[in-house]
Amino acid sequence: MIQKIIVILCIFTISAYSQQQEEPVSKSKKTIVRMGGAGGFTPLLLFWDVNKINKAIYSENVPKLQNRPIYLYGGQGYGYIMLLENLRIGGMGVGGQQSSSLIDVTDQVRRDLDATVNIGGVTIDYVLPILERLDFTAGICLGWGSLNFKIRRDNYNLKFWYDLISDWGNNKSEFNFQKEIDGSFFIAQPSINLEYAILRWISLRVGVSYLKMLNPEWKLDDKFEVVGVPSDLTANGIVINTGIFFGTFIF
């Protein structure tokens, strides 16, 4: 699927560029220069390596994540730098979650796992106008990201205040608990996209990118350092980019 999308993008770009080259160039025709800026909604589909994550959190009687991509939702805004033609700088932020549960009917125990991915940073894109309404863009997002695991165990009983305080002071592990394990990363996400201006104020995007997470730092409940985390426990993967933008599109 991903390979097909990349091939279609390349064929469409080459075809559109070839048609533009075949058009007779008049002396009055001007080079297309993009100006202004825009912002919008950017849903992404991340094909992360779920098998590595399930292997890292493997233990008996714990839930596993489904082997499927994760949807990331957020937005992006950008503005063109007039000192350099067709170069724009902006910012992006997206996030998404996948959950899984496992119920032990015999012991009346439920275990839950929530895995959350968040990324954000500065975007730098070079825009190559193909046609008046169509652009090919190549760029990168540099910034920060996180991979969060929230684990819970619950025995379905009513929660009494006295029992909670008693468990808190007990040296034995409490039966019902919730913990968060957070990984912070530096991210680099190169991308290529096609953007088409439907109107002078609205544009659509489709493309691909690759999310790379580097230099992790893991903490428990955002306070205590966690050691021994597998080095390949990341959300690296190919991303399908989509988006709808509102702003200034000159053609």
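## Terms and basis of the model

On a 1 Å grid laid over the protein atoms alone, a cavity is a set of points where a 1.4 Å probe fits but cannot get out, whereas a pocket is an open set with protein on both sides within 12 Å along at least five of seven lines; a residue counts as lining when it has an atom within 4 Å of a point. Grid points are joined across faces, edges and corners, and a volume is the space filled by probe spheres set on the points.

The model described here is predicted, and local features need pLDDT of at least 70, side-chain atom pairs count only at pLDDT 80 or more, while totals for chains, interfaces and linings use all residues. Residues are numbered from 1 along each chain as its sequence is written, and side-chain values use heavy atoms, with hydrogens and water left out.

## Overall architecture

The secondary structure of the protein chain comes to three helices and ten strands, where helices (H or I, at least four residues) and strands (E, at least two) are DSSP runs numbered from the N terminus. Read from the N terminus on, the elements follow the order α-β-β-α-β-β-β-β-α-β-β-β-β.

Of the 251 residues in the protein chain, 36% are buried; buried means under 20% relative accessible area, exposed over 50%, and partly exposed in between (1.4 Å probe, protein chains only). The protein chain exposes about 15,000 Å², of which carbon and sulfur atoms supply 60%, with areas taken from the Shrake-Rupley method with a 1.4 Å probe and, for residues, only the protein chains shown counted as cover. Among contacts (heavy atoms within 4.5 Å) with a separation of 6 or more, residues 24 or more positions apart account for 74%.

## Enclosed cavities

Two or more lining residues come from each of strand S4 (87-104), S5, strand S6 (134-154), strand S7 (177-199), strand S8 (202-220) and strand S10 (237-247). By class, the lining of the largest cavity divides into four nonpolar, ten polar and four charged residues; here Ala, Val, Leu, Ile, Met, Phe, Trp, Tyr, Cys and Pro count as nonpolar, Asp, Glu, Lys and Arg as charged, and the others, Gly among them, as polar.

The second largest cavity contains about 130 Å³ of space, and of the 16 residues that line it, Arg-34, Tyr-80, Asp-135, Ala-197 and Phe-249 are the closest to its centre. Strand S3 (70-80) and S7 are the elements that give two or more residues to this lining, and S7 gives the most, with three residues. The lining of the second largest cavity divides into eight nonpolar, two polar and six charged residues.

## The largest pocket

The largest pocket has a volume of about 440 Å³, and of its 19 lining residues, Ile-57, Val-62, Leu-113, Ile-151 and Ile-181 are the closest to the centre. S5, S6 and S7 each give two or more residues to the lining, with the largest share, four residues, coming from S6. The lining of the largest pocket comprises 14 nonpolar, no polar and five charged residues.

## Two buried strand residues

Asp-114 is placed in strand S5 (residues 109-129) and counts as buried because its relative accessibility is 10%. A polar contact of 2.8 Å joins the side chains of Asp-114 and Arg-152, a polar contact being a pair of N or O atoms within 3.5 Å; within protein, one must be able to donate a hydrogen and the other to accept it, and residues adjacent in sequence count only if both atoms are side-chain atoms. Not counting residues up to four places away in sequence, Asp-114 touches Gln-97, Gln-98, Ser-99, Asn-148, Phe-149, Lys-150 and Arg-152.

Ser-209 is placed in strand S8 and is buried, with a relative accessible area of 6%. The side chains of Ser-209 and Gln-189 are joined by a polar contact of 2.9 Å. Leaving aside neighbours within four places in sequence, the residues in contact with Ser-209 include Gln-189, Pro-190, Ser-191, Gly-237 and Asn-241.

## Positive phi in two loops

Asn-86, found in the loop between S3 and S4, has a positive phi near 60 degrees in a residue other than glycine, and Asn-86 is buried, with a relative accessible area of 6%. Asp-222, in the loop between S8 and strand S9 (224-225), has a positive phi of about 60 degrees although it is not a glycine, and Asp-222 is exposed at a relative accessible area of 59%.
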